[in-house]
Each structure stands twice: as structure tokens, then as C-alpha cells.
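Please look over the sequence and the model shown here before reading on. The paragraphs that follow lead from the whole chain to some of its parts.

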Amino acid sequence: ILVRMIRFRMAFCSLRKNTMSNSQFSYTRDQLSTLARLAIDHATRSGATAADTEISEGFGLNVAVRKGEIETIEYNKDKGASVTVYIGQRRGHASTSDLSEAALKSSVDKALTIARFTAEDDCAGLPDAERLAQSTPDLDLYHPWDISVEEAAERARVCEAAALAVDTRLTNSEGGSVNTHASHFIYANSLGFCNGYASSRHGLSVAVIGEDAGGMQRDYWYSTARNANDLESAESVGRIAGVRTVRRLNGRKLDTRQCPVLFEAQLATGLIGHYVQAVSGGSLYRKSSFLLDSLGKQVFSPLVQIRELPFMPGGFGSSPFDNEGVACQERDVVKDGVIQGYFLSTYSAKKLGMTTTGNAGGNHNLIVTPGDLDLDGLLKKMDTGLFVTELLGHGANMVTGDYSRGAAGFWVEHGEIQYPVEEITIASNLAEMFKGIVAIGNDVERRGSKQVGSILIENMMVAGN
């Protein structure tokens, strides 16, 4: 036991030193660029007709506290390189966590070996050179947080204490945590592109458990930001988590019925996520989407407007270029409910006979235009129905659009919350749900790359007793 304590103490002291001293990366941007060019040059000299590589480095800290005591201290530091080579239209890929010159060259050689034994793919290859980003504006994505373990633990304690102080029925805790992460990368290809940037992300969260005669319930809250100064206060995060947990106590079941359903903003982002998945290149060319050939067609209610804004300062989905170096672009993706564009990489675009949209790696900031109503206004507009605050399971079929999820939330009558409900299932079809959107709130969820307010859907099946 004494040996373990000494080892823990030594690790803890080392961790404090590392945490306080790692305000910068081990590799400079220029060093990463040099390594990237080395890999590309070796690939082309060794027989590749084209090649690209991404080299990255990151570090982070996570401190978790439960009932006022430190439960977990995690410090991570990683680096890696991936390389893709093309011999004509044969493709090979390899990766390594060793950034030495020998390891990079070895990875390139392995990728070339794979390419020589791979079948030709007429859609394989790099993007057109004219589509590559010509400039990389500063999008305010990098704000490292030099926080010590003690400071992180104290902030987590304050958050947890604030949650438990909300109500005496809050009897237990799953803990509070503080985390910070920073990374940077360089992407380069044989067309001459070589660029990258640094980014950071920090978070604070807590989950607590409440208990009464009706049983136990849990809920949580969190805050996340590029800049630690933009995080909600620990007291605020804890208080919200406590209130959300208490209001779920003494939940009831519902009889099976059809009724309007209001998705809380943080769940509404999931609906937008299903849409993105359905109109992304991989789903479309594999014909595994319920929205095949939907470009230019009415898919949503006419009140739905969605824009992609990749250049938002500090945005969680902000980037000057995608994973292939293709320049991102501001655009309408849904206008008056009509689909204006898909989400395509170079490869998926070629498979579909189209052009890349600069979305290799996924969507950038998707902004759903909010309506005039806040959450209370949406409840009044719904009048009678279900307000969903938690979803369970993964019951969304992207091929058919069928949607069925376990849910919990609140039953609403005359525009007012009446009581919490649990152990129910909501079901419909995503195509019908999208067209059945009757209101979007101005309570916009901003903690991710999809920003949307609460969404009210006209009618869904609610299965209970």
C-alpha cells in the first residue's frame, strides 16, 4: 500500500509539473510542415503519382471529482501521422505514432506496398488543385488553458457542491469534471498544399442523482468552449444540473397516444445530425439513405432554413479548409425547406458525378435560423403534448428513415408542464418529422457544430402503457 501511495504521489507531482509546463507543443508548426513535406517527397520519389499526409500533436488534462474527493486524474499526450499514396488510381494508406524520419518513410513504404496490391478505383485521387484553399484566416480557435490539477479539482468540487445544494433529495453524485485539450496539425499533399492550424477545447460538467419515494433519477449539465474564459461558471453549471435532476423526480408513464412532440434544443441537434448523415456523400453513393436524389426537393417544412458558416470565429465547426485541403464555403444547405446542397468529399462527389462541397471530414457550422418563440412560447404553442429532454438508444434507420427512440421528459397541458414522464418510446419517420416541423425556438444550442433551438413537431406516436 505504501509503495502504491508513493507511486501515486510521484505521478501526481510529475503530472503537476507537466500540466504547468506544457503551455506549448513539443513540435512547432514549422517542424510539422517539414515532416509533412518529407513524407510527400519520399512518396513521390518512391513511385507514388500523388500523395497526402496529416501530422498532428495534442495534449490534454481531465480531472474528475466525486463527493468532494479527486477520483480520476488523466493526462494525455499524443502525436501521429497518416499518409495516403496513389499509384495511378490504386490507393494505399498507413499511419504511425512515431514522427521520426525513419518511421515516416517506413509508413510511406507500407502505404505504397498496399497500393500496389489494391484494385484500381476510378474515383480515387486528390482534389483538383484549383479547389484547394488559397488562404487560412485566423478563426480564433486556439486558446490554451494552463490550469493545474488543484485548480481543476477545486472548480469541479464547486460545480458538484452547487448541484447537490439545490435540493435535499439530491443524495448522490456521479461526479464533476474539468477537462482541457489542445492540438495542432499540418495537412500536405503533392499538389503543393501545406497548411494547418491549432485549436483548443475545454469543458466543465457534473451529473447528480436524486431520490424520493418514486425512485431515483439522474441528470447533468455541461459547458464547453474554445476559450476557458467563455465557460459558464462552476456554480451555474452545477445549479442547472441540480434543477434538471430534481424536476425529473416522481416521473409517470403515459398511455399510448399520438400528440405533438417538442425536442429540447440539445436533442434537436440530433435531428439535424440525422439529416446531415442522410445527405452525406457516403450514404448517397452507397444508396443507404432515405433522402436519395433529394437535391432541389422539399424535405423540410418551409419554415426551415439552414446555412453552413465555416468561418465563424471560435466556432466548434469552423475551419478554412476540409480534410483534403479543399476551401470551405459559406452556403445555404436548406432554403425554405428545400435542399440546396449535399455534404461531399472529393471521392463521394466523383462517385455521384458531382463536385466536392468541401466537406471531407463532415459538416462545418450549421446554423438553423431560429424562430421568434422562446421555450415557454413553444410550450404554449404546443398547448398539449410531450416535451422531450432525454433520448435513449439509437433507433434511427438511415435507409428507411424510420425513427424509434426511448424517451423521457414532461407532459404538457394548456402550455404548462404538468409532470415528468419516463419509460416511453417516441416513433415516426424522419421524412414525416422534417416536414412536420411547426416551430423552431430561439433557445439556440451553441455547444457544437450544429446550432439550433428547440424543435416542435406536429405529430408523433408516443408508446407507453
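Contact, as the word is used here, means heavy atoms within 4.5 Å, while helices (H or I, at least four residues) and strands (E, at least two) are DSSP runs numbered from the N terminus. This is a predicted model, in which local features need pLDDT of at least 70 and side-chain atom pairs count only at pLDDT 80 or more, whereas totals for chains, interfaces and linings use all residues. Residues are numbered from 1 along each chain as its sequence is written, and side-chain values use heavy atoms, with hydrogens and water left out.

The protein has 10 helices and 18 strands. Its radius of gyration, taken over C-alpha atoms, is 25 Å, close to the 23 Å that the globule rule (2.2 Å times the number of residues to the power 0.38) gives for 465 residues, so the protein is as compact as a globular protein of that length. Taken along the principal axes, the C-alpha atoms fill a box of roughly 70 × 65 × 35 Å. Of the 465 residues, 52% count as buried, where buried means under 20% relative accessible area, exposed over 50% and partly exposed in between, with a 1.4 Å probe and protein chains only. Among the contacts with a separation of 6 or more, 71% are between residues 24 or more positions apart.

Along H3, Ala103, Leu104, Ser107, Val108, Ala111, Leu112 and Ala115 are buried. An α-helix has 3.6 residues a turn, so residues three or four places apart point the same way. The cover over the buried residues of H3 includes helix H2 (29-45) together with strand S1 (50-66), strand S2 (69-87) and strand S3 (90-96).

Two of these covering strands, S2 and S3, run antiparallel and are joined by seven bridges; two strands count as paired if DSSP finds at least two bridges between them. Val85 has Gly92 in S3 as its bridge partner. S2 and S3 form a hairpin with two residues between them, and Gly88 in the turn has a positive phi of about 65°.

Elsewhere, five strands form an open sheet of mixed pairing in the order S11-S10-S9-S12-S17. Strand S11 (338-339) and strand S17 (450-451) stand at the edges, each with a single partner strand, so one side of each is left without a neighbour in the sheet. S17 pairs with strand S12 (residues 366-368) in the parallel sense over two bridges, and Ile367 has Gln451 in S17 as its bridge partner.

Thr245 lies in helix H5 (residues 234-246) and counts as buried, at 0% relative accessibility. Its side chain reaches the backbone oxygen of Ala241 at 2.9 Å, and a polar atom of that side chain lies 3.2 Å from the backbone nitrogen of Asp219. Not counting residues up to four places away in sequence, Thr245 touches Leu170, Val208, Ile209, Gly210, Gln217, Arg218 and Asp219.

Finally, the structure holds zero disulfides, a disulfide being a pair of cysteine sulfur atoms within 2.5 Å. Cys328 is in no disulfide, and the nearest cysteine sulfur, that of Cys194, is 17 Å away. Cys328 is buried, with a relative accessible area of 7%, and Cys259 also counts as buried, at 5% relative accessibility.

Technical notes:
A polar contact is a pair of N or O atoms within 3.5 Å; within protein, one must be able to donate a hydrogen and the other to accept it, and residues adjacent in sequence count only if both atoms are side-chain atoms.
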